[in-house]
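Morning, everyone. Please bring up the model and keep it on screen while I talk.

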Amino acid sequence: MMFSGIDGFFYVLFLAGGAIIGSFLNVCIVRMPRNESVVFPSSHCPRCQVAIRWFDNIPLVSFLVLRARCRACRQPIPWRYFLVELVMAGFSLWTYICFGLSWALVPALAFVAALLVASLVDIEWRIIPDEISVGGMWAGLVLSFVFPALHKGPAAGVLLTGASVAFILAAVCLALYFFRILRYKLALGDWDRNVLLLGVLFLVGQWAAYTLAPFLPLCQAGLFALADALQGAVTGACALWFTGLVGEIFISKRIVTEYDFKGVVDDPEGLLKSLARDGYVDAQGNLQPAFRAVKSAAGLSLPAGCEAKRAEIFEIIQSVDEGGVMGWGDIKLMAMAGAFLGWQMAGLAFFIAPFFGAAYGLVKIIRRQDTAIPYGPFLAIAFIACLYWGDLLLRRIMVLYGL
Ligand SMILES: [Zn+2]
């Protein structure tokens, strides 16, 4: 490749731009799981509360100048701040190298940024903020229509296959879901109703989009991409929901972990130990029949300091008891990725993510660390691999199977 001054200029521009985005992502990672605004107030030291001046807030540079310490209180600043800025700068440059100066850069960078926040919040809190997953899904649908380049103009055959795949997966999930409701005599919540409505809306929407596209030449590419995005959201979410439903029906491990109480009580570990002492769970966190004997929140015995959160704690354990092998956070993340990348990549990511997860899980088991690992980061790695190398991988697989 010829390297000219213009290239160098864009390299520096995308590196710097990525670092600035990374600096904002750091704010999201800290504030989103605490339900705080990511805009106000401006950045301040979490320990001494002193506002951070602009010259101490320059991405990458300030961290090195300050030698990882707050200027006011000299407390160390976590390395994560620097790493997120560095990683986002790297992704920004790599995305430019892969896609060139094209409109595909907008959705691609938004997608990578969202995955970075989702992964780091998931590692620390074992949740994925709805702003990222659900908000990201809507953003992915809109961006697909406005900047269709990431979907690479799906052919009619690809969209028709996608419609079938999304429809069949949704139907299978629905059947399993109602089977589970009847079997465990569960109630149909408001939330479930919304998911059902959204699924129907998306399936009708993708059909409308590719049916209307030939009649609207001006936004034809956008409508085809939107159809692919809607199919992707349904395919991604249902593929993971399917494995979760199978797990809940046939394996139904009901394990309470300290992460279930993080952000709810000050000492999640202490609460879990107390629950074990009272026989509600065993040492591994498996729910015991003693919990079933507790009829209401008032009957649950709790350690001191947890009284105020009694109802919430009871509800959390109850939701584990109703089965929760696959978190809704991961399912929503799959819907988001499908909206950005389309149904083929959502399917591909679904199949490659377990390999990353299994490799990491194996290392953890060998080192005898806790084996409850968040799945979000592995999905994120798979999605990023699909964003950059998905087409290549898909072609190889098609050749392998003679398609
Ligand atoms: Zn400070």
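Which domains does the domain assignment of the chain give? There is domain 1, 5–101. Then comes domain 2, in two pieces, 131–252 + 325–400. Domain 3 covers 258–321. Keep in mind that this is a predicted model.

Now domains 1 and 2 together. Their C-alpha centres lie 30 Å apart. Six residues from domain 1 and seven residues from domain 2 make the contact.

Next, a helix pair. Take helix H3, residues 79–99, and helix H14, residues 376–400. Their axes come within 11 Å. The crossing angle is roughly 30°. Angles under 35 degrees count as roughly parallel, so H3 is roughly parallel to H14. Who makes the contact? On the H3 side, Phe91, Trp94, Thr95, Cys98 and Phe99. On the H14 side, Ile384, Leu387, Tyr388 and Trp389. By class, the residues of this H3 and H14 contact are eight nonpolar, one polar and no charged.

Last topic, the second largest pocket. How much space lies in it? About 810 Å³. The lining has 36 residues. Closest to the centre of the pocket are Ser43, His44, Pro46, Ile52 and Tyr81. H1 gives the largest share, five residues. The lining divides into 19 nonpolar, eight polar and nine charged residues.

One link to take away.

Conventions: Residues are numbered from 1 along each chain as its sequence is written. This is a predicted model: local features need pLDDT of at least 70, side-chain atom pairs count only at pLDDT 80 or more; totals for chains, interfaces and linings use all residues. Side-chain values use heavy atoms; hydrogens and water are left out. Axes are lines fitted to C-alpha atoms, for helices over the stretch in contact, and angles run from 0 to 180 degrees between N-to-C directions. Helices (H or I, at least four residues) and strands (E, at least two) are DSSP runs, numbered from the N terminus. Angles under 35 degrees count as roughly parallel, over 145 as roughly antiparallel, 65 to 115 as roughly perpendicular and the rest as oblique. Contact means heavy atoms within 4.5 Å. Ala, Val, Leu, Ile, Met, Phe, Trp, Tyr, Cys and Pro count as nonpolar, Asp, Glu, Lys and Arg as charged, and the others, Gly among them, as polar. On a 1 Å grid over the protein atoms alone, a cavity is a set of points where a 1.4 Å probe fits but cannot get out, and a pocket is an open set with protein on both sides within 12 Å along at least five of seven lines; lining residues have an atom within 4 Å of a point. Grid points are joined across faces, edges and corners, and a volume is the space filled by probe spheres set on the points. Domain bounds come from an automatic or database domain assignment.
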